[in-house]
Amino acid sequence: EIFSKINMIYAMISIGILGFIVWAHHMFTIGLDIDTQLYFMSATMIIAIPTSIKIFSWLMTLNGKKMFNSSTNFWSIGFIIMFTLGGLTGIILSNSIIDINLHDTYFVVAHFHYVLSMGVIFSIFSSIIFWFPLLTNLMLNNNWLKINFFNLFLSINLTFFPQHFLGLSGMPRRYIMYSDYFIMWNNISSLGSLMTILFTFIFIYIIIESMLTKRTMGIG
């Protein structure tokens, strides 16, 4: 059961309401006056409060569990880490002065991939691992899943974490050509993306392997 269910409900309602009044934090560079920038900056930062309530509730839900028995727990922790890292960079970008300098750079790309892509994908993987045996009565190889988690966690961070440094160095996104100054971090990011593709296919193979071997859970 989720820790502090009522607080989680209020936190989600708060995020839903605040989400309607922060849209201009994507538009700090269009020439908004200082008062408008200050309002949207403050509203965006306030969202961090109910979001942190959700994060601490997730952590307390996991507290006391036997973390290393189930690979589902690994993916759940991975989701929390990715989501939190993305949220922290979101607080940085909510400052209009900083955002004007980092707008349309790779820092923004890293931010929304940590929150929307990696956070969501890790939770989807966790859900697949949890529900697949219950729906099919087939067991996934738990050891392979744990190894694959660490490989994917490393490769995904290798892909997106260097993009923070690229953004801070001033590299704009959506550019196919760039200065030699950015080559090292781009090469590391490219290597991470190739590793991510490889380990994603291995995850699919783990599912197929359980179907081929018909390793059942002994239910029904």
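Reader: Which element gives the largest share of the lining of the largest pocket?
Author: Keep in mind that this is a predicted model. The elements with two or more residues in that lining are α3, α4 and α6. Of these, the largest share is nine residues, and it comes from α4.

Reader: How many charged residues are in the lining of the largest pocket?
Author: There are 32 lining residues, and H25, T44, G90, H111 and V115 lie nearest the pocket's centre. Split by class, the lining has 16 nonpolar and 12 polar residues, and the charged ones come to four.

Reader: How much space lies in the largest pocket?
Author: Both domain 1 (1-65) and domain 2 (70-219) put at least three residues each into its lining. The space in this pocket is about 910 Å³.

Reader: Now for the inside: which element gives the most to the largest nonpolar core?
Author: That core has 29 residues, and W58, W75, F122, L140 and I156 touch the most other members. At least two residues each come from α3 (48-62), α4 (71-94), α6 (106-136), α7 (142-160) and α9 (183-213). With seven residues, the top giver is α6.

Reader: Which domains does this core draw at least three residues from?
Author: Nonpolar side chains tend to be buried together in soluble globular proteins. Here the core takes at least three residues from each of domain 1 (1-65) and domain 2 (70-219).

Reader: What does L140 touch, leaving out residues up to four places away in sequence?
Author: L140 is one of the core members that touch the most others. With those sequence neighbours left out, L140 touches I129, F132, L145, I206, I207, S210 and R215.

Notes. Residues are numbered from 1 along each chain as its sequence is written. This is a predicted model: local features need pLDDT of at least 70, side-chain atom pairs count only at pLDDT 80 or more; totals for chains, interfaces and linings use all residues. Side-chain values use heavy atoms; hydrogens and water are left out. A nonpolar core is a set of buried Ala, Val, Leu, Ile, Met, Phe, Trp, Tyr and Cys residues joined through side-chain atoms within 4.5 Å. Buried means under 20% relative accessible area, exposed over 50%, partly exposed in between (1.4 Å probe, protein chains only). Helices (H or I, at least four residues) and strands (E, at least two) are DSSP runs, numbered from the N terminus. Domain bounds come from an automatic or database domain assignment. Contact means heavy atoms within 4.5 Å. On a 1 Å grid over the protein atoms alone, a cavity is a set of points where a 1.4 Å probe fits but cannot get out, and a pocket is an open set with protein on both sides within 12 Å along at least five of seven lines; lining residues have an atom within 4 Å of a point. Grid points are joined across faces, edges and corners, and a volume is the space filled by probe spheres set on the points. Ala, Val, Leu, Ile, Met, Phe, Trp, Tyr, Cys and Pro count as nonpolar, Asp, Glu, Lys and Arg as charged, and the others, Gly among them, as polar.
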